[in-house]
Amino acid sequence: QKELYGTVRKICKQVGALSPIFRFWEGYATAMQGNPVEAIRELSSIPSDATTNLAVTACLIHAHKLCEDTDKSAVSKLKVKLRDYSKSTEGKGLLIASRFFWHTGKEKQAKMCVEKVIAKNRRNLDALALFGWIC
C-alpha cells in the first residue's frame with residue numbers, strides 16, 4: 001500500500017501544488033507512507049481554508065497518533081479545533097472530511113459528516129454516492 005500512497009503524493013504534487021485540497025491529500029498520503037512527522041509539517045503549512053480545515057485538523061490528529069512519541073498536548077489542542085470546525089464546516093468541506101474518515105476506518109465520523117450534507121441537500125450526488133460507500 002505504501003506504493004499506492006506514493007502515487008497519490010506524486011499526483012497531488014503535480015496537479016495541485018496551490019490547491020489546499022490536493023495538499024491535504026498529499027499530507028494524508030505522506031502519513032500513510034510511514035512519515036508522520038513530515039506529514040505534520042506538510043499539513044501544518046496548508047493555509048487556513050473553510051473547505052479543508054476540518055479534514056486537515058483530523059489528519060493532523062491522525063498523523064500525531066502515528067508518531068512514535070505522540071505529542072498529547074498538540075493532540076488535545078487539535079481536538080478542540082476539530083470540534084469547532086465540525087460545527088462550522090459545510091458542503092464540500094464535510095465531504096472531504098468524510099472521505100478522510102472513511103479511508104482511516106472511522107465510519108461513524110464519516111457517516112455523520114456526509115449525513116449533514118444530505119440533510120441540507122438530498123440531491124447532492126457526491127454525498128449520496130459517498131453515503132453508499134460508507135454504509
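This briefing covers the nonpolar core and the salt bridges of one predicted model. Local features need pLDDT of at least 70 and side-chain atom pairs count only at pLDDT 80 or more, while totals for chains, interfaces and linings use all residues. Residues are numbered from 1 along each chain as its sequence is written, and side-chain values use heavy atoms, without hydrogens or water.

**Nonpolar core**
- A nonpolar core is a set of buried Ala, Val, Leu, Ile, Met, Phe, Trp, Tyr and Cys residues joined through side-chain atoms within 4.5 Å.
- Buried means under 20% relative accessible area, exposed over 50%, and partly exposed in between (1.4 Å probe, protein chains only).
- The largest core has 38 residues.
- F24, W25, L43, F100, F101 and V114 have the most contacts inside it.
- Helix α4 gives the largest share of this core, eight residues.
- Helices are DSSP runs (H or I, at least four residues), numbered from the N terminus.
- L43 touches F24, G27, Y28, V56, C59 and L60, leaving out residues up to four places away in sequence.
- Contact means heavy atoms within 4.5 Å.

**Salt bridges**
- A salt bridge puts a side-chain nitrogen of Lys or Arg within 4 Å of a carboxyl oxygen of Asp or Glu.
- The count is four.
- E38 pairs with R9, with the closest N and O atoms 2.9 Å apart.
- This pair links helix α3 to helix α1, 29 residues apart.
- R9 also pairs with E42, at 3.4 Å between the closest N and O atoms.
- R9 is buried at 13% relative accessible area, while E38 is partly exposed at 28%.
- Shared partners join R9, E38 and E42 into one network.

Methods: Helix = DSSP H or I, 4+ residues; strand = E, 2+ residues; numbered from the N terminus.
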